[in-house]
6 protein chains.
Amino acid sequence: MPISARNKLRGTIEEIILGNVMAHVVVRVGDNIIESAITRRSAEELKLKKGDKVTAIIKATEVMIQKD
Amino acid sequence: MPISARNKLRGTIEEIILGNVMAHVVVRVGDNIIESAITRRSAEELKLKKGDKVTAIIKATEVMIQKD
Amino acid sequence: MPISARNKLRGTIEEIILGNVMAHVVVRVGDNIIESAITRRSAEELKLKKGDKVTAIIKATEVMIQKD
Amino acid sequence: MPISARNKLRGTIEEIILGNVMAHVVVRVGDNIIESAITRRSAEELKLKKGDKVTAIIKATEVMIQKD
Amino acid sequence: MPISARNKLRGTIEEIILGNVMAHVVVRVGDNIIESAITRRSAEELKLKKGDKVTAIIKATEVMIQKD
Amino acid sequence: MPISARNKLRGTIEEIILGNVMAHVVVRVGDNIIESAITRRSAEELKLKKGDKVTAIIKATEVMIQKD
């Protein structure tokens, strides 16, 4: 079931912080770190924990470009 | 001037497609491809072109997690 | 492969408009219409066309609430 | 005062969870559930509570399409 | 009908560019310029044109902070 | 290092609320107030505090237009 979101980065969860409503998820993707803020409820339903293999998914319209 | 956006991925532009209002930018980041949809006006003002060194910037609240 | 995005609305594509960079997709979901702006490239890669069964996916942080 | 956001889904609040900064709002829209993460401050200013009639509002650029 | 989006900036349209799918809208808000990319269809349905009084609306989760 | 995000509003922080995962930042920009929800971790790393000079940054695709 392919999704239109163009960015799919496979990695491993390094850390999760749970708040009351939101959760902060840190994912290692090769040499990069990707950080995500999702609902706590999603983190719980997906049973996300350190070491899980996950894919970070990002819609192209959410990506900005900075010239170096 | 540091920015709150937590995700900053350095790479090289591989392709740009210009529409009337929007532009599609493809960036190679290590082994991954990051794709971005920005305004055509930004692409022109930044003079983005193939081979440019850029940083893709993404706010953590825009990143979803899919369990593999 | 479950995704953290909390909103998944199943429906049928009623209309697609292709621009140079973006595409406008209209999906009927029960009595509601959901409209989406994705990249043209995604619309082409998914071969989206009128009548396709699709799921509109929306991250909870993107949903606003208006009091009636 | 019409707004450019193309998606407006009318429903009824089923549940609200308040965190320190954010709030999680669950809205029944016909046969579907829509979930939203807004600031706690907005939830308080709008005095959102279970049973309220609300409209969930979503910009088209935030909607992804998954092919079933 | 109040909306949860916390940022509402009143101004006047200075320029509109219509693409096939998207539209670029430039709004003067006091001393600042706010630029928006919405669907062409919304620009047409709202009959947006130069000189119109409008409010730019932005969800708090979409605002980043850069330290000067 | 210019960024593609089209909206950059300079102002002064008036208030910060820290949650466990997220932070709510209120910025005065001339006669307007801009509010932002970022991760607590970013607020801490940038050492954001009342009185700081900051720039609120917003991607054009996140801005809606309401006709008055």
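**How chain B meets chain A**

Me: In this predicted model, what makes D68(B) and R10(A) a salt bridge?

Reply: The closest N and O atoms of D68(B) and R10(A) are 2.8 Å apart, and the rule asks for a side-chain nitrogen of Lys or Arg within 4 Å of a carboxyl oxygen of Asp or Glu, so the pair qualifies as a salt bridge. Across the interface of chain B and chain A, the rule finds 6 salt bridges, and there are also 24 residue pairs in polar contact, both residues being at pLDDT 80 or more.

Me: Which parts of chain B supply the side that touches chain A?

Reply: At least two residues each come from β1 (7-18), β2 (22-29), β3 (32-39), β4 (53-58) and β5 (64-67) of chain B, with β3(B) giving the largest share, 7 residues. Sorted by class, this side of chain B has 18 nonpolar, 7 polar and 9 charged residues.

Me: How many residues take part in the contact, and what area is buried between chain B and chain A?

Reply: The contact takes 34 residues from chain B and 34 residues from chain A. The size of an interface is often given as the accessible area lost when the parts come together; between chain B and chain A the buried area is about 3,300 Å², and carbon and sulfur atoms give 56% of that area.

Me: Why are β5 of chain A and β4(B) called paired strands?

Reply: Pairing requires at least two bridges between the strands, and β5 (residues 64-67) of chain A is joined to β4(B) over 4 bridges, in the antiparallel sense, so the two count as paired. As one example, K67(A) has V54(B) in β4(B) as its bridge partner.

Me: How do you know through which surface the copies meet?

Reply: Of the interface residues of chain B, 100% are also interface residues in chain A, so the copies meet through the same surface. For chain E, likewise, 100% of the interface residues are also interface residues in chain F, so these copies meet through the same surface.

Technical notes:
Residues are numbered from 1 along each chain as its sequence is written. Chains are lettered from A and ligands numbered from 1 in the order in which they are written. This is a predicted model: local features need pLDDT of at least 70, side-chain atom pairs count only at pLDDT 80 or more; totals for chains, interfaces and linings use all residues. Side-chain values use heavy atoms; hydrogens and water are left out. Contact means heavy atoms within 4.5 Å. Buried area is the accessible area (1.4 Å probe) that two parts lose on being put together, summed over both. A polar contact is a pair of N or O atoms within 3.5 Å; within protein, one must be able to donate a hydrogen and the other to accept it, and residues adjacent in sequence count only if both atoms are side-chain atoms. Ala, Val, Leu, Ile, Met, Phe, Trp, Tyr, Cys and Pro count as nonpolar, Asp, Glu, Lys and Arg as charged, and the others, Gly among them, as polar.
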